[in-house]
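Me: I'd like to go through this model with you, beginning with the ligand site and then moving on to other places. Could you take my questions one at a time?

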Amino acid sequence: MALEPRSERQRAAIDEIETFSAHNYAPLPVVIASAEGAHVTDVDGNRYIDCLSAYSAVNFGHGHPALLAAAQAQLGKVTLTSRAFYSEPFGPFVKALAELCGKDMVLPMNTGVEAVETAIKTARKWGYETKGVPEGRAKIIVMEGNFHGRTTTVISFSNDEEARRSFSPYTPGFVHVPFGDAGAIEAATDDDTVAVLLEPVQGEAGVIVPPLGFLTEVREVTSRHGVLMIADEIQSGLGRAGATFACDREGVIPDIYVLGKALGGGIMPLSAVVANRDILGLFRPGQHGSTFGGNPLACAIGSAVVDLLATGEMQERSCVLGERFRAGLQPLLDKGWATAVRQAGLWLGVDVNPDLGTAKDICYRLLGKEVLAKDTHGHTIRFAPPLVISLSDLDAVIEHTLAAFADAAGHV
Ligand SMILES: *Cc1c(COP(=O)(O)O)cnc(C)c1O
């Protein structure tokens with residue numbers, strides 16, 4: 001199916017983008033001009049329900065009033081000092097985030113992958129300086145099907161050939177085990193192992209929820225072997241999976257949280273590594289840093305984000321709306337149009353029966369029904385609407401999704 005823009009105006013805007021920007025994405029053909037809450041509006045004035053939330057960076061909705069107010073108040077004061085000086089919003093942010101995580105310390109960065117890189121450096125440093133691993137031998141266990149970002153080190157341990165090909169040589173020091181298999185983690189652990197790095201729910205892989213008990217077993221195995229458990233909660237955290245952190249689903253507390261995406265409220269890139277003093281306290285001046293990391297504007301927004309999570313209302317909405325969404329999509333399974341529906345909070349992965357076409361075909365049909373969702377890995381659609389979506393909008397999404405699949409089935 002050709003993915004046609006809905007107007008000549010959108011076609012012209014897309015042509016300009018495709019002419020002058022590198023083609024490292026394959027977007028749906030819609031050009032967005034404005035957004036509010038769970039809705040985005042294209043340049044022709046068509047209004048859509050956003051079911052991607054910028055890969056969960058907009059968990060609290062577009063232009064959340066409390067986040068915009070925090071940003072606007074800070075914009076007029078100071079936006080960037082660098083870490084050469086202290087800034088006023090920095091302290092309240094790191095204190096609030098440390099408390100949210102139940103940890104001692106925060107190391108702020110900007111993008112998610114920078115926080116992952118920071119966690120890798122942290123684990124290696126801890127391994128050499130505290131655990132006593134001989135220099136150059138630190139090993140980190142990672143999961144098959146992982147997604148942790150796009151830097152050369154991080155793609156070194158991706159299993160996605162598209163993400164890796166032509167970008168070698170790769171960074172050594174990582175070993176893979178199947179996601180969901182704690183026995184394989186234990187078998188792969190040796191004296192040089194410093195950390196296990198995992199997404200508690202794999203997002204880019206298609207909302208892959210591990211078997212219940214897996215995170216608990218990982219916690220037990222890593223504790224017993226003196227290995228750090230690093231939870232990359234960049235996409236799963238901050239309410240998306242029905243709790244503050246996806247690890248909370250099993251009451252598991254990792255040694256290191258890696259956060260990003262929604263931490264910046266969809267306004268600023270803001271990421272962080274959060275851990276106790278015996279781990280993050282190992283850093284000395286000059287050993288790590290970022291010009292924009294911990295900037296006053298991002299910190300002011302980050303504090304407001306932590307405040308939004310304080311009442312538990314967002315986490316509750318994620319649980320309740322997620323259940324409703326999954327139940328509403330049951331007909332897709334009953335009719336055989338979907339081969340699987342996975343859910344963690346308000347976060348769903350739907351595997352499209354290949355007889356109906358690709359996930360992108362269905363997303364294109366949804367676009368025509370004014371619902372924006374994104375395919376991943378060919379046959380999976382990921383749904384992650386903002387947690388502030390109304391019940392009536394969610395019911396509309398369910399109805400349009402069933403209709404889009406029905407249309408596709410009718411065209412088989
Ligand atoms: C998005 C994501 C990243 C990378 O974040 P960027 O801000 O794109 O660098 C890392 N880990 C997970 C689990 C993610 O979902």
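Me: Before that, what kind of model is it, and how are the residues numbered?

Reply: It is a predicted model, in which local features need pLDDT of at least 70 and side-chain atom pairs count only at pLDDT 80 or more, whereas totals for chains, interfaces and linings use all residues. Residues are numbered from 1 along each chain as its sequence is written, and side-chain values use heavy atoms, with hydrogens and water left out.

Me: OK, which residues surround the ligand?

Reply: The shell consists of Thr 111, Gly 112, Val 113, Phe 147, His 148, Gly 149, Glu 199, Asp 232, Ile 234, Gln 235 and Lys 261, where a residue is near a molecule or strand if one of its heavy atoms lies within 4 Å of it.

Me: How does that shell divide into nonpolar, polar and charged?

Reply: There are three nonpolar, five polar and three charged residues in the shell around the ligand. In this scheme Ala, Val, Leu, Ile, Met, Phe, Trp, Tyr, Cys and Pro count as nonpolar, Asp, Glu, Lys and Arg as charged, and the others, Gly among them, as polar.

Me: Which polar side-chain atoms lie 2.7 Å from the ligand?

Reply: One belongs to Asp 232, at 2.7 Å from a nitrogen atom of the ligand, and another to Gln 235, at 2.7 Å from an oxygen atom of the ligand. A polar backbone atom of Val 113 is also 2.8 Å from an oxygen atom of the ligand. For reference, a polar contact is a pair of N or O atoms within 3.5 Å; within protein, one must be able to donate a hydrogen and the other to accept it, and residues adjacent in sequence count only if both atoms are side-chain atoms.
The protein covers 81% of the 380 Å² of accessible area that the ligand has on its own, with areas from the Shrake-Rupley method and a 1.4 Å probe; for residues, only the protein chains shown count as cover.

Me: And Gly 149 from the shell, why does that one count as buried?

Reply: Gly 149 counts as buried because its relative accessibility is 12%, given that buried means under 20% relative accessible area, exposed over 50%, and partly exposed in between (1.4 Å probe, protein chains only). Gly 149 sits in the loop between strand S5 (139–143) and helix H6 (152–156); helices (H or I, at least four residues) and strands (E, at least two) are DSSP runs, numbered from the N terminus.

Me: Switching to the backbone, where is the cis peptide bond?

Reply: The cis bond joins Ser 168 and Pro 169, with omega about 5 degrees, and Pro 169 belongs to the loop between helix H7 (161–164) and strand S6 (174–177).

Me: What about phi of Val 207 and of His 377?

Reply: Val 207 has phi near 55 degrees, a positive value in a residue other than glycine, and Val 207 is buried, at 0% relative accessibility, in the loop between strand S7 (193–198) and helix H9 (214–225). For His 377, phi is also near 55 degrees, and His 377 is in the loop between strand S14 (374–376) and strand S15 (380–383).

Me: Now the largest nonpolar core: which residues touch the most other members?

Reply: Leu 97, Phe 325, Ile 381, Phe 383 and Phe 405 do, out of 63 residues in that core; a nonpolar core is a set of buried Ala, Val, Leu, Ile, Met, Phe, Trp, Tyr and Cys residues joined through side-chain atoms within 4.5 Å. Helix H11 (residues 296–308) gives the most to this core, with eight residues.

Me: Last one, what does the side chain of Ser 271 reach?

Reply: The side chain of Ser 271 reaches the backbone oxygen of Thr 111 at 2.7 Å. Ser 271 is in strand S10 (residues 271–275) and counts as buried, at 0% relative accessibility. Val 273, also in strand S10, is buried at 0% as well.
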